[in-house]
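This report describes selected features of the structure shown below, beginning with the packing of its helices.

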Amino acid sequence: MKNFEDKKQKGLKVFSGQEDSKLITHLNSCVHCGLCAESCMYYLVTKDERYIPAKKVDLISSIYQRYCTFTGKYFPVLSKARELDEAAVAEMVDLLFGACTLCGRCTKHCSIGVDIGYVIKKGREMLTEMGYTPETLQSTVNAAIQSGNNMSIPESEFRDTLTWLEEDLRDEVNDPDASIPLNVPGKDILYTLNPREPKFFPLSISAMAKIFYAAKESWTLSTQMYDVTNYAYFTSNKDEAVTIAERLYNETVDMKAKRCVLAECGHGSRAFRWEAPNYLNKSFPFETMTSVELMAEYISKGRIKLDKSLNKEVMTLHDPCNLVREGGVIEPQRYVLKQAVENFIEMTPHGIDNYCCGGGGGQLAMSEYNERRMKTAEIKAEQIRKTGAKVVVTPCHNCVDQLMQIDNKFKLGVKVKTLSEVVADAIALE
Ligand code: SF4
Ligand code: SF4
């Protein structure tokens with residue numbers, strides 16, 4: 001029991017951290033209008049009221065009430081105060097880790113601007129402080145910290161993959177000097193990867209290498225630190241998030257790169273571009289941008305020429321929450337697709353109002369919630385089906401994985417591609 005009491009005291013520190021005023025404001029603001037319910041795919045699909053975003057906020061708020069307010073401390077039965085006991089912890093784990101992708105859609109729809117995603121992240125932080133992070137999710141973080149990438153790919157395996165990809169590139173562009181540069185300091189760009197690429201989707205590395213080749217870009221990869229992901233963002237473990245972000249920061253500085261270009265990864269680009277300067281408490285001496293914006297830049301400046309007749313299939317776009325709603329990259333991918341494909345059709349809704357694929361927030365790593373994850377995916381499957389598209393494009397490897405599972409489960413008969421693959425297919429080399 002003493003052990004749990006110690007954990008509880010650690011968890012409650014979340015209410016007294018530096019950011020406590022923001023958290024407390026948002027915990028006290030909900031007017032229970034109910035508008036956020038219809039924004040959450042967990043509630044929409046199941047109609048289970050526990051999944052309503054405001055209920056998730058209420059759960060954290062009730063614990064705040066119990067330990068941090070006069071009424072809650074001395075007259076808990078008179079308020080909505082709740083003990084932080086093992087039952088409460090189990091409910092929090094199930095709802096905050098197991099029934100939320102941190103998609104942020106509820107926050108955008110809240111009638112008074114409660115930052116629901118932020119509150120849920122702080123709830124996850126409380127659980128992590130107490131040692132209740134789901135092991136499946138934590139193991140992804142551990143792999144990144146221990147090996148340098150979240151899939152524990154050994155350096156020799158990574159180098160082997162890049163060697164044959166380089167040979168393929170030479171064949172593809174018919175140039176024996178075409179290369180995938182490794183560990184070359186002083187280049188304009190240090191390019192990152194999602195470890196799913198070398199492990200499962202090496203063709204997306206080929207695609208970006210072909211785009212760099214066509215743009216005559218000065219770029220390099222690093223074999224020491226190329227992982228764009230930061231799953232500690234999802235566990236809300238700041239120390240571990242700092243460790244991971246610091247490695248990419250140091251590698252970009254050591255490589256003397258002018259730009260750190262973030263591969264197609266929604267949460268990874270958010271974590272490094274928008275969160276890392278706060279984690280590390282400094283501004284960066286290099287530019288940080290996504291490969292989506294870089295491709296748009298190449299096209300608009302005429303550095304690559306595209307022939308959209310090379311992409312004839314009807315394509316639709318899935319917007320990754322962390323890149324679009326939470327990251328502000330909304331138009332570049334649309335501009336790119338309009339230049340790269342003959343038939344592009346939007347989903348309804350799309351852009352900042354798009355539904356999450358269901359794989360965000362660490363859900364793909366937490367296999368214990370697989371059934372629930374695929375149930376909520378009904379919404380995305382229906383969105384895709386209604387477009388009639390044959391290809392779903394998404395600039396996020398996490399979303400690629402979930403969309404492929406959706407295609408399989410709901411028998412959609414679509415291909416799933418990253419934006420760079422679509423662009424590479426349309427490149428007209430001189
Ligand atoms: S962030 Fe997304 S998944 Fe989580 S409660 Fe809000 S709408 Fe639901
Ligand atoms: S929309 Fe905002 S104010 Fe209304 S119930 Fe949801 S969190 Fe509360």
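## Helix α12 against helix α21

Helix α12 passes α21 in a left-handed crossing, a crossing being left-handed if the near helix is turned anticlockwise from the far one by less than a right angle, and right-handed if clockwise. Helices (H or I, at least four residues) and strands (E, at least two) are DSSP runs, numbered from the N terminus. The contact is formed by Leu203, Ser204, Ala207, Met208, Lys210 and Ile211 of α12 together with Ser420, Glu421, Val423 and Ala424 of α21; two residues are in contact if their C-beta atoms, placed from the backbone, lie within 7 Å. By class, this α12–α21 contact holds 6 nonpolar, 2 polar and 2 charged residues. Here Ala, Val, Leu, Ile, Met, Phe, Trp, Tyr, Cys and Pro count as nonpolar, Asp, Glu, Lys and Arg as charged, and the others, Gly among them, as polar.

The model is predicted: local features need pLDDT of at least 70, side-chain atom pairs count only at pLDDT 80 or more, and totals for chains, interfaces and linings use all residues. Residues are numbered from 1 along each chain as its sequence is written, while chains are lettered from A and ligands numbered from 1 in the order in which they are written.

Two packed helices are described by the angle between their axes and the distance between the axes. The axes of α12 and α21 come within 8 Å and cross at roughly 50 degrees; axes are lines fitted to C-alpha atoms, for helices over the stretch in contact, and angles run from 0 to 180 degrees between N-to-C directions. Helix α12 is therefore oblique to α21. Angles under 35 degrees count as roughly parallel, over 145 as roughly antiparallel, 65 to 115 as roughly perpendicular and the rest as oblique.

## Two further helix pairs

Helix α21 (residues 419–426) also packs with helix α17 (residues 332–340): their axes come within 10 Å and cross at roughly 30 degrees. The two helices are therefore roughly parallel to each other, and α17 passes α21 in a left-handed crossing. Gln333, Val336 and Ala340 of α17 meet Leu419, Val422, Val423 and Ala426 of α21. This contact of α17 with α21 comprises 6 nonpolar residues, 1 polar residue and no charged residue.

Helix α6 (residues 86–97) and helix α8 (residues 116–130) pack at an angle of about 130 degrees, with their axes 10 Å apart. That angle makes α6 oblique to α8, and α6 passes α8 in a left-handed crossing. On the α6 side the contact involves Val89, Met92, Val93, Leu96 and Phe97, and on the α8 side Ile120, Gly123, Arg124, Leu127 and Met130. The contact of α6 with α8 divides into 8 nonpolar residues, 1 polar and 1 charged.

## The largest nonpolar core

The largest nonpolar core has 125 residues, of which Ile211, Ala245, Met295 and Val423 touch the most other members. Such a core is a set of buried Ala, Val, Leu, Ile, Met, Phe, Trp, Tyr and Cys residues joined through C-beta atoms within 7 Å. Helix α12 (residues 202–214) supplies the largest share of this core, 8 residues.

Which residues does Ala245 contact, leaving aside its neighbours within four places in sequence? They are Asn230, Ala271, Phe272, Ala276, Tyr279 and Leu280.

Cys40 is placed in the loop between α2 (20–27) and α3 (41–46). With 27 other C-beta atoms within 10 Å, Cys40 is buried. A residue is buried if 20 or more other C-beta atoms lie within 10 Å of its own, exposed if 12 or fewer, and partly exposed in between, with C-beta atoms placed from the backbone. Not counting residues up to four places away in sequence, Cys40 touches Tyr51, Ile52, Pro53, Arg105 and Cys106. Cys40 and Thr376 are 336 residues apart in sequence and 9.6 Å apart in space, C-alpha to C-alpha.

Glu166 belongs to helix α10 (residues 155–173) and counts as partly exposed, with 17 C-beta neighbours inside 10 Å. Beyond its neighbours within four places in sequence, Glu166 is in contact with Ser179 and Ile180.

## Backbone exceptions

Most residues other than glycine have a negative phi, and most peptide bonds are trans. The peptide bond from Thr348 to Pro349 is cis, with omega near -10 degrees; Pro349 lies in the loop between β6 (343–345) and α18 (370–376).

Ser152, although not a glycine, has a positive phi of about 50 degrees and is situated in the loop between α9 (135–147) and α10. Asn174, also not a glycine, has a positive phi of about 55 degrees and is found in the loop between α10 and β1 (189–191). Ser152 counts as partly exposed, with 16 C-beta neighbours inside 10 Å, whereas Asn174, with 8, counts as exposed.
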